[in-house]
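These are my notebook entries on a single protein chain. I set down what I looked up, in the order in which I took it up.

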Amino acid sequence: MSSDPLVVFTPSGKRGYFPVGTPILTAARQLGVDLDSVCGGRGICSKCQITPSYGEFPKHGVTVRDGALSEWNAVEQRYQDKRGLKEGRRLGCQATVQGDVVIDVPPESQVHRQVVRKAATARTITMDPATHLYFVAVEEPDMHEPTGDLERLQRALKAQWGIGEVTADLSLLAKLQPALRKGEWKVTVALHKGHNDTSHRILEIWPGYSEERIYGLAIDLGSTTIAAHLCDLRNGEVKASSGLMNPQIRFGEDLMSRVSYSMMNPGGDREMTAAVREAINDLTRSIAAEGGIEPRQIVETVFVCNPVMHHLLLGLDPVELGQAPFALTTSDSLSLPAREMGLDAMNPRAQVYILPCIAGHVGADCAAVALSEEPGKSEDLVLIVDVGTNAEILLGNTTRVLACSSPTGPAFEGAQISSGQRAAPGAIERIEIDPVTKEPRFRVIGSDKWSDEEGFDTDIATTGITGICGSGIIEAVAEMRMAGLLDESGLIGSAEQTGTPRCVPEGRTHSYLLHDASETGGPRITVTQGDIRAIQLAKSALYAGARLLMDEMGVERVDRIVLAGAFGAHISTKHAMVLGMIPDAPLDKVTSAGNAAGTGARIALSNIGARAEIERVVREITKVETAIEPKFQDHFVAANAIPHKTDPFPDLYSVVTLPKVSFNTGGGDDDGSGRRRRRRA
Ligand code: FES
């Protein structure tokens with residue numbers, strides 16, 4: 001056995017014998033312990049903080065005595081005076097081994113620290129981003145041995161950090177000499193190395209040791225909304241989350257109308273590309289301001305998006321995606337400079353990673369959901385539905401994963417609904433209809449009181465009641481069905497048929513009056529027959545997509561269902577089931593995952609290993625193309641009824657009774673043609 005002292009690291013349990021005088025940072029590196037350092041052991045960055053433990057440790061077979069580490073030194077004192085160190089902490093690069101010792105590495109000092117997702121599942125993200133900061137001391141130039149500053153920086157990175165090939169673009173070279181001289185030949189650099197790169201690229205340089213933080217954006221670029229998270233690339237902390245409407249809506253609400261716009265208008269694709277890039281630049285500036293950082297501190301961005309958005313973002317004409325065989329220009333992941341995509345609000349050398357697409361209609365957003373929800377690791381058969389303008393649907397377990405995309409249109413997001421609006425303060429988000437009196441009560445975003453509760457009016461005094469958002473319209477339709485105001489075919493009954501004056505005639509059809517403030521100049525909010533039809537189309541497309549995957553898998557039932565999507569978290573699972581949006585399943589087996597695509601983007605931003613993983617997973621996913629599958633149409637038509645024409649819903653009917661009403665009097669209603677209309681949104 002070695003006569004050198006034993007050093008045991010926790011929580012890793014790694015241990016080894018080291019000569020007296022070895023810095024703890026050196027011991028950690030030799031054992032492969034995850035202990036951070038930006039300054040390379042110079043006592044500047046304080047990232048190497050550790051906590052020595054003293055006393056008996058039978059578990060490790062050591063006794064740690066006073067004096068097991070070297071005395072507190074001047075560098076530590078200076079840091080303590082300037083910034084303060086937590087009680088009991090030492091700097092790992094300064095404290096040296098003097099005797100057997102147990103060293104705890106706190107989470108903040110671990111490079112690959114784990115970030116716990118706040119969503120329903122306990123999934124953790126291990127930090128291993130593509131960009132890291134390094135502090136380095138560079139040799140001064142010498143007339144007798146002429147070399148360039150970049151070459152000496154490269155040599156220093158190799159010698160001090162073991163980093164091989166390093167490249168720098170022209171804009172970085174322009175900053176190199178001033179930074180080196182100002183920092184007296186010491187600089188901090190941000191080095192980027194993607195999972196497929198062979199060399200590092202210098203993204204940013206600061207004179208001396210820089211405390212500046214670097215950030216990344218995880219962007220879920222949807223047809224209707226663009227949602228972004230600003231993440232600290234050191235610890236994964238989400239500094240700000242923000243979103244805006246996709247300005248391409250003015251060229252068409254759904255994807256196919258944008259493809260048509262491109263087909264019909266020469267240069268239309270370029271117009272849409274310019275619009276979305278400008279919006280992302282605006283979002284970059286606003287989210288940076290919200291997070292209290294400079295936009296140039298954003299050095300990386302990960303995008304997830306559907307194939308049409310993918311092409312329009314990249315400046316590729318999406319016209320081929322509008323017709324079979326729906327060929328993508330490329331389905332592989334892409335790593336490229338942000339500048340090349342016209343994203344110039346962030347750091348001028350920022351790098352972009354776009355997840356791979358699965359197929360012509362199944363995009364990188366679906367890949368991101370697969371990365372976040374990991375259906376391929378599920379023992380039971382899970383159906384994951386990411387509800388948006390296009391629904392991304394995954395079905396799988398450890399044996400096989402299938403994916404498709406279904407054209408739901410924007411109705412679930414409150415668009416194409418007469419009183420529909422985005423989920424914002426003032427929007428009705430929850431609705432209940434009394435089955436006896438047929439009277440509604442509701443809740444609006446911005447207040448946690450129901451409309452018939454005391455204090456509701458005060459709560460909403462500033463926002464007012466402005467419309468119905470996506471989750472609100474789903475509840476409204478389901479509640480109307482449960483209250484007998486709506487029959488199985490989706491027809492709203494008249495006042496006589498339903499027994500409530502809230503069912504008012506509107507042309508040849510009827511509407512249900514939810515809220516009327518027209519006397520005081522406020523809105524009159526109704527659910528119209530057209531709204532019901534829009535929701536029926538959307539939910540039929542969703543259900544038919546899910547059924548198609550179940551057919552392909554050869555199953556009649558799934559074990560559990562995960563509702564994802566920006567508003568997936570807000571959908572009431574019971575109402576979704578009454579509506580027949582999703583196949584029957586025990587209600588306690590239907591859960592929400594929030595914005596799974598956005599989470600997938602965050603994972604890919606935080607961990608380069610996850611990028612390699614999703615690229616592998618995507619190759620193994622079986623794609624099902626809904627547009628050319630004849631059974632889709634059959635499923636679509638059958639799914640038009642509420643909840644469904646033929647499929648039994650035993651789990652649903654065990655908890656809910658739906659009134660047997662029929663309002664089809666052979667006239668006075670719409671002809672139901674909407675049911676046979678098929679769109680690809
Ligand atoms: S490694 Fe930077 S202070 Fe110790």
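Which residues is His60 in contact with, leaving aside its neighbours within four places in sequence? I find Leu6, Val8, Thr10, Arg15 and Val102, where contact means heavy atoms within 4.5 Å.

**Basis of the entries.** I am working on a predicted model, in which local features need pLDDT of at least 70, side-chain atom pairs count only at pLDDT 80 or more, and totals for chains, interfaces and linings use all residues. Residues are numbered from 1 along each chain as its sequence is written, and side-chain values use heavy atoms, with hydrogens and water left out.

**Entry: around His60.** I placed His60 in the loop between β4 (55–57) and β5 (62–64); here helices (H or I, at least four residues) and strands (E, at least two) are DSSP runs, numbered from the N terminus. His60 has 13% relative accessibility and therefore counts as buried. The term buried means under 20% relative accessible area, exposed means over 50%, and partly exposed is in between (1.4 Å probe, protein chains only).

Thr10, one of the contacts of His60, is joined to Pro11 by a cis peptide bond with omega of about 5°. Pro11 lies in the loop between β1 (6–10) and β2 (15–17). Ser662 lies in the segment after α17 (650–653) and counts as exposed because its relative accessibility is 56%.

**Entry: backbone exceptions.** Most residues other than glycine have a negative phi, and most peptide bonds are trans. Pro643 is found in the loop between α16 (630–638) and α17.

I then looked up positive phi values. Glu374, which is not a glycine, has phi near 50° and lies in the loop between α8 (364–373) and β20 (382–386). Lys438 is not a glycine either, and its phi is about 65°. I located Lys438 in the loop between β23 (427–433) and β24 (440–444). Lys438 counts as buried because its relative accessible area is 14%.

**Entry: aromatic pairs.** How many aromatic pairs does a search of the whole structure find? The search returns six. Rings of Phe, Tyr and Trp (its six-membered ring) pair if their centres lie within 6.5 Å; planes under 30 degrees apart count as stacked, over 60 as edge-to-face and the rest as tilted.

Tyr134 and Trp161 form an edge-to-face pair, at 5.0 Å centre to centre and with 70° between the planes. Tyr134 belongs to strand β10 (residues 131–137) and Trp161 to helix α3 (residues 149–161), so the pair ties together parts 27 residues apart in sequence. I found both Tyr134 and Trp161 buried.

Phe135 and Tyr209 also form an edge-to-face pair, at 5.7 Å centre to centre and 75° between the planes. This pair links distant parts of the chain, 74 residues apart: Phe135 is in strand β10, and Tyr209 is in the loop between β13 (200–207) and β14 (215–221). Phe135 counts as buried because its relative accessibility is 1%. Tyr209 has 18% and therefore counts as buried.

**Entry: charges over rings.** A charge sits over a ring if NZ of Lys or CZ of Arg is within 6 Å of the ring centre and within 35 degrees of the ring normal. The charged end of Arg441 sits over the ring of Trp450, 4.4 Å from its centre. Arg611 lies over the face of Tyr353, 4.6 Å from the ring centre.

**Entry: helix α7.** Is helix α7 (residues 307–314) mostly covered or mostly open? I found eight of its eight residues buried, His310 and His311 among them. The cover over these buried residues includes β14, α5 (255–264), α6 (268–291), β17 (298–305), β18 (334–337) and β19 (351–354).

**Entry: the whole chain.** I counted 17 helices and 31 strands in the protein. Of its 681 residues, 58% count as buried. The C-alpha trace spans about 95 × 65 × 55 Å along its principal axes. Among contacts with a separation of 6 or more, 67% come from residues 24 or more positions apart.
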